[in-house]
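Please read the following briefing alongside the sequence and the coordinates.

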Amino acid sequence: MTVAIGLPVPDFTATATGDTTVTLSALQGKQVVIYFYPKASTPGCTTEGGDFRDRKPDFDAANTVILGVSRDGLRAQENFKAKQGFNFELITDKDETLCRLFDVIKLKKLYGKEHLGIERSTFLIDAEGRLAREWRGVKVKGHAQEVLEAAQELHVGS
């Protein structure tokens, strides 16, 4: 089962940084941005996380929680968060449970070799737990701002 626009996102519980466990149903009443990135501490992922970090006060004002997800282990996620000063939690998804739920594992090519990896993707869940928007095959430049504007519109409309 994967997510679809307008439908409730199945509840999940995941291990995150800051010694926390994230459960989607516990966030009911808040909008949630879940962004998937290929690998902690790589240039594109660092830029993307920094863009979300820098806009967090505006996301907060739009009643929106930010969560980053990759297949990195918890230690790598903790180090990435600390080094970049991220002011939101990062989820470790080593078993790819969330990656499969959101269908972000894709065949990718790197230096002529094919491998399965995370396609940079972002999802906006409304305050009732339904998928409101999705962005797949994301290009980092300007993306966090676009997601923020969508979150603000959704918040005003609710």
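D72 is buried, with a relative accessible area of 10%, where buried means under 20% relative accessible area, exposed over 50% and partly exposed in between, using a 1.4 Å probe and protein chains only. The model is predicted, and local features need pLDDT of at least 70, side-chain atom pairs count only at pLDDT 80 or more, and totals for chains, interfaces and linings use all residues. Residues are numbered from 1 along each chain as its sequence is written, and side-chain values use heavy atoms, with hydrogens and water left out.

**Salt bridges**

- The structure holds 10 salt bridges, each being a side-chain nitrogen of Lys or Arg within 4 Å of a carboxyl oxygen of Asp or Glu.
- D72 forms one of them with K39, the closest N and O atoms being 3.4 Å apart. This pair links distant parts of the chain, 33 residues apart, with D72 in the loop between β4 (64-70) and α3 (74-84) and K39 in the loop between β3 (31-36) and α1 (43-54); helices (H or I, at least four residues) and strands (E, at least two) are DSSP runs, numbered from the N terminus.
- K39 counts as partly exposed, at 46% relative accessibility.
- D54 forms a salt bridge with R53, with 2.9 Å between the closest N and O atoms, and R53 is partly exposed at 23% relative accessibility.
- The side chains of E134 and R136 meet in a salt bridge of 3.4 Å, N to O; E134 is partly exposed, with a relative accessible area of 32%, and R136 counts as partly exposed at 32% relative accessibility.
- D126, E128 and R130 are linked in a network of salt bridges.

**Aromatic pairs**

- The structure holds 10 aromatic pairs, in which rings of Phe, Tyr and Trp (its six-membered ring) have centres within 6.5 Å, planes under 30 degrees apart counting as stacked, over 60 as edge-to-face and the rest as tilted.
- The rings of Y35 and Y37 have their centres 5.6 Å apart and their planes at 35°, so the pair is tilted, and both Y35 and Y37 are buried.
- The rings of F36 and F102 are also tilted, with centres 5.4 Å apart and planes at 50°. Because F36 lies in strand β3 and F102 in the loop between α4 (97-101) and β6, the pair ties together parts that are 66 residues apart in sequence; both F36 and F102 are buried.
- A cluster linked by ring pairs takes in Y35, Y37, F52, F59, F80, F86 and F88.

- Strand β1 (residues 13-16) has a covered face, A14 and A16, and an uncovered face, T13 and T15. In a regular strand the side chains alternate between the two faces of the sheet.
- β1 and strand β2 (residues 20-23) run antiparallel and are joined by 4 bridges, where two strands pair if DSSP finds at least two bridges between them.
- A14 stands opposite V22 in β2, and the hairpin has 3 residues between its strands, with G18 in the turn having a positive phi of about 70°.

**The lining of the largest pocket**

- The residues lining the largest pocket are P38, R71, K108, K109, L110, H115, L116, G117 and I118.
- β6 (105-110) and β7 (113-118) each supply at least two residues of this lining, and β7 gives the most, with 4 residues.

How values were computed: 1 Å grid on protein atoms, 1.4 Å probe; cavity = no way out; pocket = protein on both sides within 12 Å on 5 of 7 lines; lining within 4 Å.
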